[in-house]
Amino acid sequence: MTLRRTTLSLFLAVACAPALAGARIDLASLNDATISPTPRFIVKYRDGSAERTQTAARARSLAAAAGRAQPQIRQTDANGHRTTLRIDTVRATARGGMHVIKASQRLSRTEAEALMRSIAADPNVEYVGVDALMHTAALPNDPILSTYQWHYGTGNGGARVTTAWDMGARGAGVVVAVLDTGATHHVDLEPNLLPGYDFITDAFVSRRATDERVPGGWDLGDWMVAGDCGFGSPARDSSWHGTHVSGTIAEVTDNGVGGAGVAPQAKVLPVRVLGRCGGYTSDIADAIVWAAGGTVPGVPANPTPAEVISMSLGGDGTCEQVTQDAINAAVALGTVVVVAAGNQNDDASHYNPASCANVITVGATGYSGQRASYSNYGAKVDLSAPGGAGVEGSPNGYVWSTLNGGKTTPGSDVYAGYTGTSMATPHVSGVVALVQSVAAKPLTPAQVEGLLVSSARPFPVTPSVSIGSGILDAAAAVERAKTFGQPISALPLSNGVTATLPPLAAGQSVLYSIDVPAGATRLEFTSYGGTGMISVYLNYEAEPFPTANIGTSLRPGTNQTLTRNSPAPGHYYFKVVGKASASGVLLRAKVY
């Protein structure tokens, strides 16, 4: 096994929240409290307290805690009435003087934390924590994963891929087409490759004997000698770019060799479109159609149509019509198209295919979650993913994957670190495979885009320019995909019909929903009139929170407006929160 960088160590730390009212509150497993319909917690009462030994006293303490937390519980029944929270004792633990308790209803993160703090407000409580769910803890045994592939982990710059694996998502049954330089016969990649195709119709570019398209999709090398690609063009070794991208998506995992892929049980369909000096737009457009299962004259039908097309490529100029037509054809066949934003530190609207419609355009972030300085930006970028910033040294400045050691033609198998939006893009493509593998039924391309954009986590380092909604969060996307389309308890809003907000005290909230059909061009929410101060948060197929949303309106007073252009079809949720007491406020949602 050959590595091209040196190794650094990565350490993670977990901390507990500070105590309130003398009690220790452990929020480390707060996410687990949102999974069960009756979430469980562990409480330790102080030595000598009645609650520790007497059932009745403990019941009174828990009832009082539920009452204190009740104003922050937003769930309603079928009649729109708030449900009453109840807390019951399940049992005492075998040792330690602790008790397992459970809530009577499903809780959000915010509600679970509010309940824990309410329990801790009792001076007789010494400790409260979530009764965390344990899973098989075996991380895949690939040596590069633990020491190099920070981009899959839970650090500031990681895509939370390892957590998604723990949730059972591995991409089984999903095909991802990689339109790139092709793939090499890498021992840690080839078992996950399907028979591909070489779409290059120029022997100079392909380095094959003829201009014909041929089966295989193998990378023959894209090296150049000086002047090959125009006067003054420099010499360059082969990049083996497609092998690196493909490895990020589906490198063989848990085999004790090399590293890991985002979706190790998915299959990669290598489609060669780039060679010496690049690749032709027309070849790329045909390859898009073929990869998705469409018909291309003179090329046999693709026996394994791809659910995802990954394109870590681009050129100057806005989206060309031939490219857009091909993308539209692929999307109509149900294929998600993921593209790189580009590495020019410029607005992505100036580049192709980053500026095309019906694609997921991906920017790049670094080890600390910061925007990579080279990443293109702007309104065309949907979200970002780890691409490596190149400034943290090795390994943390790079994205690590499979590669080839040959300078020109294929040589030995190696592993290497690269940077670029090319490296960020296959992280997203791999997570699309994870999402589709766990969804109850395949999501449409628009639904996948909406899910990834809305489940992305906030940037830990605020970018100076827009690079999308946040950093790719594989675990959040997989969790959302498992229940995608299942409605959340909320008050429904009818399209264009005005509703009246119930009176709210400061800190109280009401959750509303509206269904958006396919083909909608805009979603608008407005609130006005009445008295007080409110905030409004929007999310797609999930409850919105101040730190997890796809839109906020935080103006003083009650006049708030939220707009979502080209909304994906599905359920949208608006949470109205009282910043101060509010009453008589009118609300209206409109779908165009």
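How many aromatic pairs does the structure hold?

## Aromatic pairs

The structure holds ten aromatic pairs (rings of Phe, Tyr and Trp, the last by its six-membered ring, with centres within 6.5 Å; planes under 30 degrees apart are stacked, over 60 edge-to-face, the rest tilted). Before we look at some, please keep in mind that this is a predicted model, in which local features need pLDDT of at least 70 and side-chain atom pairs count only at pLDDT 80 or more, while totals for chains, interfaces and linings use all residues. Residues are numbered from 1 along each chain as its sequence is written, and side-chain values use heavy atoms, with hydrogens and water left out.

One of the pairs is Trp 150 with Tyr 367: the ring centres are 5.5 Å apart and the planes stand at 80°, so this pair is edge-to-face. Trp 150 sits in the loop between α4 (143–147) and α5 (161–166), and Tyr 367 in the loop between β14 and β15 (383–386), 217 residues apart (helices are DSSP runs of H or I with at least four residues, strands runs of E with at least two, numbered from the N terminus). Trp 150 is buried at 6% relative accessible area, whereas Tyr 367 is partly exposed at 22% (buried is under 20%, exposed over 50%, partly exposed in between, with a 1.4 Å probe and protein chains only).

Tyr 148, Tyr 398 and Trp 400 make up one aromatic cluster. Here Tyr 398 is buried at 17%, and Trp 400 is buried at 1%.

## Charges over rings

Arg 207 lies over the face of Trp 223, 3.4 Å from the ring centre (the criterion is NZ of Lys or CZ of Arg within 6 Å of the ring centre and within 35 degrees of the ring normal). For Lys 590, the charged end sits over the ring of Tyr 592, 5.7 Å from its centre.

## Disulfides

There are two disulfides in the structure (cysteine sulfur atoms within 2.5 Å). Cys 229 is joined to Cys 277 with an S to S distance of 1.9 Å, and the torsion about this S-S bond is about -85°, so the link is left-handed. Both ends are partly exposed, Cys 229 at 33% and Cys 277 at 38%.

The sulfur atoms of Cys 319 and Cys 356 are 2.0 Å apart, and this link is right-handed, with 90° about the S-S bond. Cys 356 is buried, at 4% relative accessible area.

## Strand pairing around β21

Strand β21 (residues 522–528) pairs antiparallel with β24 (residues 560–565) over six bridges (at least two DSSP bridges make a pair). Six bridges also join β21 to β26 (residues 586–591), again antiparallel. Phe 525 has Leu 562 as its bridge partner in β24 and Ala 589 in β26.
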